[in-house]
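Here are a few notes to read alongside the model.

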Amino acid sequence: FLDEILKGTNNQDRNKCIIKILELFIMKNCVVLLTTHDRFICDFENFYPHLVRNYHFDFLIMGSDIRSDYKLKKGINIKSSVNELMKRVGI
């Protein structure tokens with residue numbers, strides 16, 4: 001399980017290292033669950049379509065609340081909860 005891999009590292013170094021780490025896992029036939037907000041990592045499904053799958057949790061706007069439905073869905077989440085939050089605080 002990897003959560004926000006190499007978070008806090010500059011983008012250029014992080015991306016190079018993530019490629020190496022994920023390709024090592026692929027070569028060793030590892031099962032990896034990785035959480036990320038980085039779309040760069042999601043592109044691995046395009047390079048390894050028989051090995052890598054993207055899934056996401058969606059969010060719902062219910063009145064003044066933003067809530068997750070906690071249902072795992074295939075693909076990349078294209079909605080942005082941060083944009084909705086910024087609108088709500090007037091930014």
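**Notes on the model**

1. Let's begin with a cysteine. C42 has a relative accessibility of 13% and so counts as buried (buried is under 20% relative accessible area, exposed is over 50%, and partly exposed is in between, with a 1.4 Å probe and protein chains only). The closest cysteine sulfur to that of C42 belongs to C17, and at 18 Å it is too far for a bond.

2. A word on what you are looking at. This is a predicted model, where local features need pLDDT of at least 70 and side-chain atom pairs count only at pLDDT 80 or more, while totals for chains, interfaces and linings use all residues. Residues are numbered from 1 along each chain as its sequence is written, and side-chain values use heavy atoms, leaving out hydrogens and water.

3. Back to the cysteines. How many disulfides are there? The count is zero, taking a disulfide as a pair of cysteine sulfur atoms within 2.5 Å. C30 is in none, as its nearest cysteine sulfur, that of C17, is 18 Å away. C30 is partly exposed, with a relative accessible area of 40%.

4. Next, helix 1, which covers residues 11-27. (Helices are DSSP runs of H or I with at least four residues, strands are runs of E with at least two, and both are numbered from the N terminus.) Its 17 residues should span 24 Å at 1.5 Å a residue, and the end C-alpha atoms are 24 Å apart, so the two agree. The expected span here is 1.5 Å times one less than the number of residues.

5. Which residues of helix 1 are buried? They are R14, I18, L22 and I26. These cover an arc of only 95 degrees around the axis, so they sit on the same side of helix 1; the arc is that of the directions from the helix axis to the C-beta atoms. On the other side of helix 1, Q12, K20 and M27 are exposed. The buried set packs against strand 2 (34-35), helix 2 (39-42) and helix 3 (44-47), where contact means heavy atoms within 4.5 Å.

6. Both ends of helix 1 deserve a look. Just after the helix, N29 takes a positive phi of about 55 degrees. N29 lies in the loop between helix 1 and strand 2 and is exposed, at 67% relative accessible area. Another positive phi in a residue other than glycine is that of E4, near 50 degrees, in the loop between strand 1 and helix 1.

7. Now the inside. The largest nonpolar core has eight residues: I5, I18, L22, I26, I41, F44, Y48 and V52. Helix 1 gives the most to this core, with three residues. (A nonpolar core is a set of buried Ala, Val, Leu, Ile, Met, Phe, Trp, Tyr and Cys residues joined through side-chain atoms within 4.5 Å.)

8. I41 sits in helix 2 and is buried, at 8% relative accessible area. Not counting residues up to four places away in sequence, I41 touches I5, I18, L22, L34 and T36. With the same exclusion of residues up to four places away, I18 touches I5, L6, F40 and I41.

9. D3 is found in strand 1 (residues 2-3) and counts as exposed, at 61% relative accessibility. D3 and T35 are 32 residues apart along the chain, yet their C-alpha atoms are separated by 4.8 Å. Their side chains make a polar contact (2.3 Å), meaning a pair of N or O atoms within 3.5 Å; within protein, one must be able to donate a hydrogen and the other to accept it, and residues adjacent in sequence count only if both atoms are side-chain atoms.

10. D58 lies in strand 3 (residues 55-62) and is buried, with a relative accessible area of 16%. N77 lies in the loop between strand 4 (65-74) and helix 4 (81-88) and counts as buried too, at 17%. The side chain of N77 reaches the backbone oxygen of F57 at 3.0 Å. Leaving aside residues up to four places away in sequence, N77 touches R39, H56, F57, D58 and F59.
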